[in-house]
Amino acid sequence: MLRSLLYLCVFLLSQCLLAQKTLLTDEKRFPLDPQITYDSKVPSPAQFLGYPLGEEYTIYAHTVNYLKALDQASDRVSYNEYGKTWEGRPLVNLVITSPENQRNIESIRKRHLEIVEKGGDPASLNKNEPLFVSLSYSIHGNEPSTTESAMQVAYRFAAAQDAETEEILKNTVIVIFMCINPDGRDRYIYWYKSVQRNLLATGQRDLDHYEPWPGGRVNHYWFDTNRDWSWGTQPETRTLAAEYQRWMSQVHGDYHEQGYNSNYFTMPGTTPRNKLLPDNYEALTDTFGMANIKEFDKHRISYFTRDAFDFFYPGYGSSYPSVMGAIGMLTEQGGIGGGRAIETDDGYVLTLRQRIFDHYTTSVATIRKAHQRRELFWRYSLDAWNASKSKSPIKAYYLSSKSQYSLDVVNNLLRHNIKVEQAQSDFSVADARDYKTGLTGKKDFPKGTFIVPTNQPRHLFIHTLLDRNLQIEDSVMYDMSSWSAILAYGIDGASSNSKPSVNSSPVAAALKAPNGLSNANATYAYVIDYQQRNAPKALAMLWEKGYRVKAAAEAFAHGNLKFSPGSLIVLLERNEEKMGTAAADLAEVADKAGVNIQGFNTGRMQSGWDLASARNRVIKQPRVAMLIEPPFSSQTAGQIAFLFDQEVGLPVDRIKATVLQQSALPKFGERYGLADLNNYDVLILPDGGAGLGEVFKPEQLAQLRDWVQRGGVVVATESAAAFFTNERSKFTGVKLLSPRADTSLAARTLIYDEREDYFGLKRTPGTALNTVIDHTHPLAFGLDPIVYTLKLDNSALAPHPDMQSVGRYAPADKILASGYISPENQKMLANNTFAGVLQLGQGKLILLPDNTQYRMFWRGPSRMLLNAVMLVRGF
């Protein structure tokens, strides 16, 4: 009897596993073009990997090996590595076209770029020119079906022997970016495989469907790389944009996943739209959407269009190609968190196989439609590259070469093949619109000003990235409403509708910050002006080398040499043991950090305090910790970690909130590997919201207060700053200001259909605000005179007698610099605080409720965070 039961159990298990395999590899319901004859010499994904697509997830190394196998087996395919991730994984694309085109691919590519650079001149186009189509997959690592489907797409066009495929490849160059974020994707897949069950987990509450913090969406430094195409702060996107520039496709599809309860999204999208794009952009995206719909209707796949997703922000994989003259498009498959199969809320079992099938189907449909209408899409791009057809009246943009982050912006423009010039003499422009004031009139510009003329093929990108205020047709949006690089980097800038009359020279290569050591054999001190962009990096290097450093409390001067508050002073007497190596060390700091350093043979200054004055404070290297894991924001934490780890070079320990939470806080003891806060001088809290109440319960909050009063510094950013107000934790008496609930008759009588738009208009969706800065406070040392803060919510801190309000929003009539904010919220925020410092005993609480380094492209206020960690403690 027992043996019979055992046999029965084994039989039932085998049947269960068989049914499971059938579900995961349902070729009848989700066929991948089996009717086509394929070249037997070219391995399919299933043959190479050892399992059919959909049965398992594929780790990236195996994907790369498969792509190399395609390159070896098919004369239609060329494999290319265009970069590496932070973790050393290769970034790969495949170029697929006819064998004849492959043999001449470099000449075809260069001829194509010549057409682009001629600015859309129809006379430069040969009617036999192939159309360039690019597709990008897995920029979010936990949207993994996209790379799985990309392997099948690559196989389809590498091996299919049908006449249609051969005709497509004859007239089309297909560029497939197989996986833009392999670090994040492998993070997700290795985790998934580590918890994967033998029996399929379709229940939504199974561990299969709950990836741990920070998740696979983001890259190594926890950046959302699908917001970074235009900025290139990360290697994945910096090299991606450079590679995209080598091909400049006319059609681009960007493949994503969304929550598993959502049906498939295909073009067109919703408002707001970039109104600078050619008028027929949306209609042409609909031709691709209808091509996808035709296939989905045939296979009974659920989908939606014209909702949820807009393409206003230029850092997406759909919008960046569009402002480069292509028809850029987004597709979104339901599936995030879906594992290999999951039962959705309506009782449907969504499988990885279907997710692969859906993206494969739309990829093939997009390529097919692009080929069918290739002359139409060629004409579209020719028009888009033609600057004479620009909708913007602006003829030039002007960037001060004296602004701290000017070189960042110029070098970024150069990476996108934008021509930048530099004035060879002083000049004036009669109709210059100043970015700070918004006023138009005569403006004088000094020699060295950077000029970006708009009469260029990539004029759409120029206007989109640099214009002070793009036209907004709908203030309810998916992302942010303002991103002008001139505002984001805090640059003294302007634009004009006339061309400048001045001799200028092209900026031919990436620029470096001026650096050098003057009076290298100084006998008294060395000084680094803190207004320099890389001064914090120089300070971190000095600390690493063991130097004792002071920071100037006020500005000072000696002869023609002027130094700003915060300037770093290395007194040789206080570094006696370094006398033999000081000149070499400081020269190395100047070179590697990218700063100018001035040597002095005297400490007496002609104005301001002398170098050795006690008013200039000793700045010691802090021991820094940052809390991570829920409730803290992985992306804010990633930005801060990146800023200190990669750019500044100051160690920051990332401590799990649970480690601190569970530690022996009354004694701050380190036991069982838990964190002792007494080992640190500065604690950074990256966002966190209401969840901070679970990390710092009353007892822990009392311990934190004690630590601060004994000399610790807490730097609370975004919603973590709100936690320390009187309204949240009563840690301070500072009042948190936020809009009152709308109890008006209009709000109470809204019909259901009006609620989203009505309340959406009350949001502040990433808006640039003018500020008033107290430049005498150490938190503001080194800031440029012009600082715009990015507002992502509607809260502010009320000025308080115990709080030094270092940064305040401008008055209501001047507060809006760019983007959208309701008049009510302008009034509520006006004159209130977004950067404050409270002295608590011997320590400090620094509140920064706005993100000072958002996505690492909103850099203007970022010196505040650096000062909060590195400088303020010493004052």
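**Figure 1. Helix 17 and helix 27 are roughly parallel to each other, because their crossing angle falls under 35 degrees**. In this predicted model, local features need pLDDT of at least 70 and side-chain atom pairs count only at pLDDT 80 or more, while totals for chains, interfaces and linings use all residues. Residues are numbered from 1 along each chain as its sequence is written, and side-chain values use heavy atoms, with hydrogens and water left out. The axes of helix 17 (residues 535–544) and helix 27 (residues 862–870) come within 11 Å and cross at roughly 25 degrees. Axes are lines fitted to C-alpha atoms, for helices over the stretch in contact, and angles run from 0 to 180 degrees between N-to-C directions. Helices (H or I, at least four residues) and strands (E, at least two) are DSSP runs, numbered from the N terminus. The crossing of helix 17 past helix 27 is left-handed, meaning that the near helix is turned anticlockwise from the far one by less than a right angle. Helix 17 contributes Ala535, Pro536, Leu539, Ala540 and Trp543 to the contact, and helix 27 contributes Arg863, Leu866 and Met870; contact means heavy atoms within 4.5 Å. Of these residues, seven are nonpolar, none is polar and one is charged. Here Ala, Val, Leu, Ile, Met, Phe, Trp, Tyr, Cys and Pro count as nonpolar, Asp, Glu, Lys and Arg as charged, and the others, Gly among them, as polar.

**Figure 2. Seven strands form an open antiparallel sheet in the order 14-13-16-11-15-12-17**. Strand 14 and strand 17 (504–506) each have a single partner strand, so one side of each is left without a neighbour in the sheet. Two strands pair if DSSP finds at least two bridges between them. From one strand to the next, the twist averages 40 degrees.

**Figure 3. Strand 13 and strand 14 form a hairpin with five residues between the strands**. Strand 13 (residues 427–434) and strand 14 (residues 440–445) run antiparallel and are joined by five bridges. Ala432 has Gly441 of strand 14 as its bridge partner. Within the hairpin, Gly438 takes a positive phi near 80 degrees.

**Figure 4. Six strands form an open sheet of mixed pairing in the order 18-24-19-23-20-25**. Its edge strands, strand 18 (516–518) and strand 25 (617–619), each pair on one side only. The twist in this sheet averages 30 degrees from one strand to the next. Strand 18 pairs with strand 24 (residues 596–600) in the parallel sense over three bridges, with Gly516 opposite Asn596.

**Figure 5. Strand 31 is largely enclosed by the rest of the structure, because six of its seven residues are buried**. Buried means under 20% relative accessible area, exposed over 50%, and partly exposed in between (1.4 Å probe, protein chains only). Strand 31 (residues 767–773) runs antiparallel to strand 32 (residues 788–791) and is joined to it by four bridges; Thr767 stands opposite Lys791 there. Three bridges link strand 31 to the antiparallel strand 34 (residues 803–809), where Tyr809 is the bridge partner of Thr771. Two bridges connect strand 31 with strand 35 (residues 816–818), again antiparallel, and Leu769 stands opposite Leu816.

Notes. Parallel < 35°, antiparallel > 145°, perpendicular 65-115°, else oblique.
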